[in-house]
Amino acid sequence: MTHGDSRQAAEVNDRLGAQYPDARCELDFNSAFQLLVATVLSAQSTDRRVNSVTRELFESYPDAVALAGAPREDVERIVGPVGFFRNKTTAIIGLSTRLVDDFDGVVPNTLEELVTLPGVGRKTANVVLGDAFGTPGVTPDTHLIRLSNRLGWTNSTTPDVVERAVGELFDPRDWVQVCHRVIWHGRRCCHARGPACGACVLGDICPSYGIGETDPEKARTKLREPRA
């Protein structure tokens, strides 16, 4: 259910756009395939940690054909630091194999096809569609879900519900950038625990203002870059 109004949502987007003019996907990639793999690896890990392992992974296995034929033990060794590495190794080798077998090694550019790949759900598919193909999509990651609730845009933590609620508030052409801006704000200011309310550019239009530190000087000490 959507509670936010479009004027407040537009103001949020404008302010976050001014605050984070360089907001973008923070995963390193040079192709749709590399973004797909990196996004699968990023589940329950940080983008910086994923970037630290994909550098070696993509040097050794830069495309679907190469990764589909990779020795499992070598892939596990490389991606080990991201956590859940056995399941993730199964997923990225599996999706690579499917790409080779069913898509001539090319990442498909539709949601319907992407979600048929091992380890790929709507969230991962929307990241790839938005950042590799320029296709509008809402990515309901943990930060977008948290901030959408705090901003009054939804009262649900179900990803599909949040995806619809945010999508209804913005023009589709803005979906990808709105998500990047909200995610950056969640990583830097509106933390899961102890948000920096007193240093937040949305303080006067956020219905959740006050759940974190409101003293400006103390709040500024809570601002941070995403952890590695």
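## Helix H10 and its surroundings

In helix H10, which covers residues 159–169, the buried residues are Val 161, Val 162, Glu 163, Ala 165, Val 166, Gly 167 and Leu 169, where buried stands for under 20% relative accessible area, exposed for over 50% and partly exposed for what lies in between, with a 1.4 Å probe and protein chains only. These buried residues of H10 pack against helix H1 (6–19), H8, helix H9 (142–150) and helix H11 (175–188), a contact being defined by heavy atoms within 4.5 Å. The model is a predicted one, in which local features need pLDDT of at least 70 and side-chain atom pairs count only at pLDDT 80 or more, while totals for chains, interfaces and linings use all residues. Residues are numbered from 1 along each chain as its sequence is written, and side-chain values use heavy atoms, with hydrogens and water left out.

Helix H9 is mostly covered, since seven of its nine residues are buried, namely His 143, Leu 144, Ile 145, Arg 146, Leu 147, Ser 148 and Arg 150. The cover over the buried residues of H9 includes H10 and H11.

## Nonpolar cores

A nonpolar core is here a set of buried Ala, Val, Leu, Ile, Met, Phe, Trp, Tyr and Cys residues joined through side-chain atoms within 4.5 Å. The largest one holds 37 residues, of which Val 37, Leu 57, Leu 67, Val 75, Ile 92, Leu 95 and Leu 99 touch the most other members. At least two residues of this core come from each of helix H2 (32–41), helix H3 (47–60), helix H4 (64–68), helix H5 (72–79), helix H6 (85–103), helix H7 (111–114) and helix H8 (122–132), and the largest share, eight residues, is supplied by H2.

Leaving aside residues up to four places away in sequence, Ile 92 touches Val 37, Val 40, Leu 41, Leu 57, Leu 67, Val 75 and Val 79. A second, separate core of 26 residues includes Val 138, Leu 144, Ile 145 and Leu 169. In soluble globular proteins, nonpolar side chains tend to be buried together.

## Positive phi in two loops

Most residues other than glycine have a negative phi, and most peptide bonds are trans. Gln 44, in the loop between H2 and H3, has a positive phi near 55° although this residue is not a glycine, and its relative accessibility of 68% means that Gln 44 counts as exposed.

Asp 104, placed in the loop between H6 and H7, likewise is not a glycine and has a positive phi of about 55°. With a relative accessibility of 72%, Asp 104 counts as exposed.

## The chain as a whole

The secondary structure consists of twelve helices and zero strands, where helices (H or I, at least four residues) and strands (E, at least two) are DSSP runs numbered from the N terminus. For 228 residues, a compact globule would have a radius of gyration near 17 Å, and the 18 Å of the chain agrees with this; the radius is taken over C-alpha atoms, and the globule rule is 2.2 Å times the number of residues to the power 0.38. The C-alpha trace spans about 55 × 35 × 25 Å along its principal axes.

Of the 228 residues, 50% count as buried, and among contacts with a separation of 6 or more, 60% are accounted for by residues 24 or more positions apart. The accessible surface comes to about 11000 Å², with 48% belonging to carbon and sulfur atoms, as given by the Shrake-Rupley method with a 1.4 Å probe.
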